[in-house]
Amino acid sequence: MTDAHAAARELADRYWEGLLELEPFLGTMIGDERFDDRLPDVSEGGRAARETYHRAALDELTLIDRDLDDEGLRTTLDMLEAIAARELASLEHRLDRLWAVSHLWGPGGLVGELASMQRVDSPERLDRYVARLDGSGAYYDAVLEIMRDGVAAGVTAPRIVVERAVAQVERLLATPPEDAPSVMPAGEDAAARERIAGVTRDALYPALERYLAALREY
């Protein structure tokens, strides 16, 4: 392997590892469970970290010889460039101000998304899932800041989108914690269901109630 190949491979591998840590849902989706105990950091600090990360990757990419005879590696570098550029554009245009109130791909769908992706069929997996749900308070509080920021900047979603987001969260909160979508991964495991229902009642639902109040005010 030439020095150019080694440098390209090292950057690609390092970028992927960092991306999994920045975007823990991505790891969950592909079966990498290392970050299954956390939610994405959508706060101002999290945005700054994302910008620094993706910009540094693009800067480093300019220093690498991309005229490689390995087509797969060239494609990998092209994908790295496309992902980093897309993320920086999203950050620059603050698309999170619209994501924060979307009924299609916004915070109201968090519960169903996690329930469909994450396994709790071992003590370690259950611990990670409970820890992730327990962190929903900070996650939704950061979402509320994004919503307020969007309103202050005059960047708001259409009324019908917000109304649907309100209805989405209302349906969730109308479901008893023991029957919530968050409990579904536990299947028939009574102890796991009870533990998940507890964190749903004590952490997730209060966070969703704050989010619902903010949606109604929005």
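I began with D141, which counts as partly exposed because its relative accessibility is 32%. Everything I note here comes from a predicted model. I then looked for a charged partner and found that D141 forms a salt bridge with R210, with the closest N and O atoms 3.0 Å apart. This pair links distant parts of the chain, since D141 sits in helix α8 (residues 136–153) and R210 in helix α10 (residues 190–217), 69 residues apart. R210 is partly exposed too, at 36% relative accessibility.

Next I asked how many salt bridges there are by this rule. The count comes to 27. I picked out E81 and R66, a salt bridge whose closest N and O atoms are 3.1 Å apart. Here again distant parts of the chain are linked: E81 is in helix α4, R66 is in the loop between α3 (44–61) and α4, and 15 residues separate them. I wrote down 34% relative accessibility for E81, so E81 counts as partly exposed. R66 has 27%, so R66 is partly exposed as well.

Is D121 buried or exposed? At 51% relative accessibility D121 counts as exposed, while R125 is buried at 18%, because buried means under 20%. I also noted that D121 and R125 belong to a network of salt bridges that includes E33, R119 and R128.

I stayed with helix α4 for one more residue, E87, which lies within residues 71–92. E87 counts as buried at 18% relative accessibility. Leaving aside neighbours within four places in sequence, I found E87 in contact with E23 and H54.

Then I turned to R132 in helix α7 (residues 123–134). Where does the side chain of R132 reach? I traced it to the backbone oxygen of P24, at 3.4 Å. R132 is buried, with a relative accessible area of 0%. Beyond its neighbours within four places in sequence, R132 has contacts that include F25, T28, F35, D36 and L114. Q118 is also in contact with R132; the two are 14 residues apart in sequence and 10 Å apart in space, C-alpha to C-alpha.

Last, I checked the surface for something nonpolar. I found a patch formed by W16, M29 and I30, with about 320 Å² of accessible area together. W16 belongs to helix α1 (residues 3–22) and counts as partly exposed at 36% relative accessibility.

Definitions and conventions. Residues are numbered from 1 along each chain as its sequence is written. This is a predicted model: local features need pLDDT of at least 70, side-chain atom pairs count only at pLDDT 80 or more; totals for chains, interfaces and linings use all residues. Side-chain values use heavy atoms; hydrogens and water are left out. Helices (H or I, at least four residues) and strands (E, at least two) are DSSP runs, numbered from the N terminus. Buried means under 20% relative accessible area, exposed over 50%, partly exposed in between (1.4 Å probe, protein chains only). Contact means heavy atoms within 4.5 Å. A polar contact is a pair of N or O atoms within 3.5 Å; within protein, one must be able to donate a hydrogen and the other to accept it, and residues adjacent in sequence count only if both atoms are side-chain atoms. Patches are made of residues with over 30% relative accessible area and no salt bridge: like charges are joined within 9 Å, nonpolar side chains (Val, Leu, Ile, Met, Phe, Trp, Tyr) within 5 Å. Accessible areas come from the Shrake-Rupley method with a 1.4 Å probe; for residues, only the protein chains shown count as cover. A salt bridge is a side-chain nitrogen of Lys or Arg within 4 Å of a carboxyl oxygen of Asp or Glu.
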